[in-house]
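Please walk through the model below with the sequence alongside.

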Amino acid sequence: MTARVGVVTFPGSLDDGDAARAVRIAGAEPVRLWHGDPDLHGVDAVVLPGGFSYGDYLRCGAIARFAPVMGTIVDAARGGLPVLGICNGFQILCEAHLLPGALTRNQHLHFRNRDQVLRIEAVGTAWTNAFQPGQEVFIPVKNGEGCYVADPATLDRLEAEGRVVARYVGGNPNGSQRDIAAITNEAGNVVGIMPHPEHAVEALTGPSLDGLGFFTSVLKHLVGAPA
């Protein structure tokens, strides 16, 4: 049976269509989910896409965290549902306390849009098992509030527990502490990433095909997950 991966659309989402296409290219069935509908319609995993949910009023992701669909996603994620938050989705995951820390204004106070090298450091997550430890990937980054911050104890815990999923290589585009580009929860089913793997799945439009591994990883994870 084909895996069904939900992609949430919030008011202001920009990359939900791209995320759905990446899911389809990876070999799963994309299922469009609406922010106002708490029903996940039986999906096997969820992607929170990039964009500017609710116009980024208050703080990025602060309003989306209270969307009806997020109540269901938070409960399901705590029960093991794989969830990937990309850019604004990463911000929402932090606001929803599924991931620690926060995303703040880029240190240089400029929006940064460029293709970026990342080093994959944790391959035991639901979203990165298709990679090799230390593998470098080339995917776009585009954010104005992508600076990952946390208190020193949290950063040390993420390092000690192997929960830093990816780091920036060849220059930090936003000032994120310890060059962190992606992190995971303790269980490894929830991943937040600031760069955009969904924009690197087709040769015609992306700088590489390196982003596809994030989406094929969750299919591999689902096949191996207990029924």
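Leu14, Phe52 and Phe111 make a nonpolar surface patch of about 300 Å². A patch here consists of residues with over 30% relative accessible area and no salt bridge, where like charges are joined within 9 Å and nonpolar side chains (Val, Leu, Ile, Met, Phe, Trp, Tyr) within 5 Å. Accessible areas come from the Shrake-Rupley method with a 1.4 Å probe, and for residues only the protein chains shown count as cover. Phe111 sits in the loop between strand E5 (102–104) and E6. Its relative accessibility is 46%, so Phe111 counts as partly exposed; buried means under 20% relative accessible area, exposed over 50%, and partly exposed in between (1.4 Å probe, protein chains only).

The model is predicted: local features need pLDDT of at least 70 and side-chain atom pairs count only at pLDDT 80 or more, while totals for chains, interfaces and linings use all residues. Residues are numbered from 1 along each chain as its sequence is written, and side-chain values use heavy atoms, with hydrogens and water left out.

The chain contains five helices and 11 strands. These are DSSP runs numbered from the N terminus, with helices (H or I) of at least four residues and strands (E) of at least two. The C-alpha atoms fill a box of roughly 45 × 40 × 35 Å along the principal axes. A compact globule of 227 residues would have a radius of gyration near 17 Å, and the 16 Å of the chain agrees with that. The radius is taken over C-alpha atoms, and the globule rule is 2.2 Å times the number of residues to the power 0.38. The chain exposes about 9,300 Å², of which carbon and sulfur atoms supply 54%.

Inside, 55% of the 227 residues count as buried. In soluble globular proteins, nonpolar side chains tend to be buried together. The largest nonpolar core here has 69 residues, and Leu48, Met70 and Phe215 have the most contacts inside it. Such a core is a set of buried Ala, Val, Leu, Ile, Met, Phe, Trp, Tyr and Cys residues joined through side-chain atoms within 4.5 Å. Beyond its neighbours within four places in sequence, Met70 is in contact (heavy atoms within 4.5 Å) with Phe10, Leu48, Ala64, Arg65, Ile92 and Ala96. Among contacts between residues at least 6 apart in sequence, 72% join residues at least 24 apart.

Now the charged pairs. A salt bridge is a side-chain nitrogen of Lys or Arg within 4 Å of a carboxyl oxygen of Asp or Glu, and by this rule there are 12 salt bridges. In one of them, Glu29 pairs with Arg4, with the closest N and O atoms 3.8 Å apart. Glu29 is partly exposed at 37% relative accessible area, and Arg4 is partly exposed at 23%.

Glu95 forms a salt bridge with Arg59 at 2.8 Å between the closest N and O atoms. This pair links distant parts of the chain, with Glu95 in helix H3 (residues 88–95) and Arg59 in the loop between strand E3 (45–48) and helix H2 (68–78), 36 residues apart. Glu95 is buried, with a relative accessible area of 16%.

Glu121 and Arg167 also meet in a salt bridge (2.8 Å, N to O). Glu121 is in the loop between strand E6 (112–120) and strand E7 (136–143), and Arg167 is in strand E9 (residues 164–169), 46 residues apart. Glu121 counts as partly exposed at 31% relative accessibility, whereas Arg167, at 12%, counts as buried. Both belong to a network of salt bridges that links Arg119, Glu121, Asp156, Glu159, Arg167 and Arg178.
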